[in-house]
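Have the viewer open while you read.

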Amino acid sequence: MIITEDPLLLDDLLRLCAAAGAEPYVHHGLPAPNGSGGGRAADGGAPGAKPGGAAGGAPPAPPPGTGWESAPLVLVGDDAARRVRGAPRRGGVLLVGREGAGGDPAVWQRAVEIGAEEVLRLPGAEGRLVDRIADVAEGAGRSALAVGVIGGSGGAGASTLACALAVRAARAGERTVLIDGDPLGGGLDVLLGGESAAGLRWPDLAGSRGRVGAGALEESLPELHALRVLSWDRGERVAVPPAAVRSVVAAARRRGGVVVVDLPRRVDEAVAEALAQLDLVLLVVPGELRAVAAAGRVAAGVRIAARDVRVVVRGRCSGGLDAEAVAGLLGAPLAGEVPVEVGLPGRVAEGEPPGAHGRGPLARFCDGFWRRALGPVPDREVTA
């Protein structure tokens, strides 16, 4: 809901709502709590405003029951603050004006009087305001639990584990997005048997900047085995700008559920952008001394950007090592052990995705991991 009689401010707010994919209701003065009276739906804006504002058409009239108390977000123009001073206190109220008046102490007094959460000045705060509007339009709640998987050495099985984690999460009913972060890996869609599936791949998203619509992203990706997959293709492009990685991963997280990212062993700027948004990184290490030595170098690079790195030991340890010793040598907690699953390569070649065999050791590890990881946790913040 927008409350203002400033035609220039109204045009700006309608434009920002359109950019965020939201349909606003515009009132002049304070609407009644039940949405009737006390104002009217905009029919082109306040006197002097352009017809339809910058949104390209008049917003629809509010349906019954839409009012001050029920609108998910209320944008109050600085010109209208005094008129809504007596409205019931509620969350989600923003006081919006133009730059130039920010030094006026009365602005903050008016914000307190109407219970505004923030004072936003345009055009400087346009990005922040679009984010708030888009969160409402997308129904943003708790962000996804984002887990990265990276191999400590070549052939560690990180991509297999990443796919299996995503498959098991989806089969448990979680909204799941699997992101292929390794441009030289051949494409996770191949591992899932969906290389010909319709949908966007990384090269299609290389130009992404700023906020990417979470719902639009999800709907544009191939759906394989009840999860959405953002894979690399088999084209010549082998990199996307770090800004695109940041925007796309943030959008995937805003839909909630689970995001699994398969990471390359070399940490460049784009990989660092992904690592910064992950809640947890699983470092997959075969149980042999040479692999542990290689994993130490990988772990050093990952820790520059990752907040939480844990070790998964794959296969039986040799040379007197055990899983705890491997984790100790790498200076990271042990997340668990994944035995080698006999017959898995053959089943994958026949079209069965990793983790689909519910009684196999890989699926058991993944199920146990998600039971622990998806327990009661505080709300996770999304990095935009």
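This is a predicted model, and it holds 2 aromatic pairs. A pair like this is described by the distance of the ring centres and the angle of the planes. Here are the values:

| Pair | Centre to centre | Angle between planes | Class |
|---|---|---|---|
| Tryptophan 202 and tryptophan 232 | 6.4 Å | 35 degrees | tilted |
| Phenylalanine 369 and tryptophan 370 | 5.0 Å | 70 degrees | edge-to-face |

Start with the tilted pair, tryptophan 202 and tryptophan 232. It links distant parts of the chain, with the two residues 30 apart. Tryptophan 202 sits in the loop between helix H5 (188-191) and helix H6 (214-220), while tryptophan 232 is in the loop between strand S9 (227-230) and helix H7 (242-254). Both of these tryptophans are buried.

Now for phenylalanine 369 and tryptophan 370. Their planes meet at 70 degrees, so this pair is edge-to-face, since anything over 60 degrees gets that label. Phenylalanine 369 has a relative accessible area of 5%, so it counts as buried; the cut-off is under 20%. Tryptophan 370 is buried as well, at 6% relative accessibility.

Leaving aside neighbours within four places in sequence, aspartate 182 is in contact with Trp232, Asp262 and Pro264. Trp232 takes us back to the tilted pair.

Conventions
Residues are numbered from 1 along each chain as its sequence is written. This is a predicted model: local features need pLDDT of at least 70, side-chain atom pairs count only at pLDDT 80 or more; totals for chains, interfaces and linings use all residues. Side-chain values use heavy atoms; hydrogens and water are left out. Rings of Phe, Tyr and Trp (its six-membered ring) pair if their centres lie within 6.5 Å; planes under 30 degrees apart count as stacked, over 60 as edge-to-face and the rest as tilted. Helices (H or I, at least four residues) and strands (E, at least two) are DSSP runs, numbered from the N terminus. Buried means under 20% relative accessible area, exposed over 50%, partly exposed in between (1.4 Å probe, protein chains only). Contact means heavy atoms within 4.5 Å.
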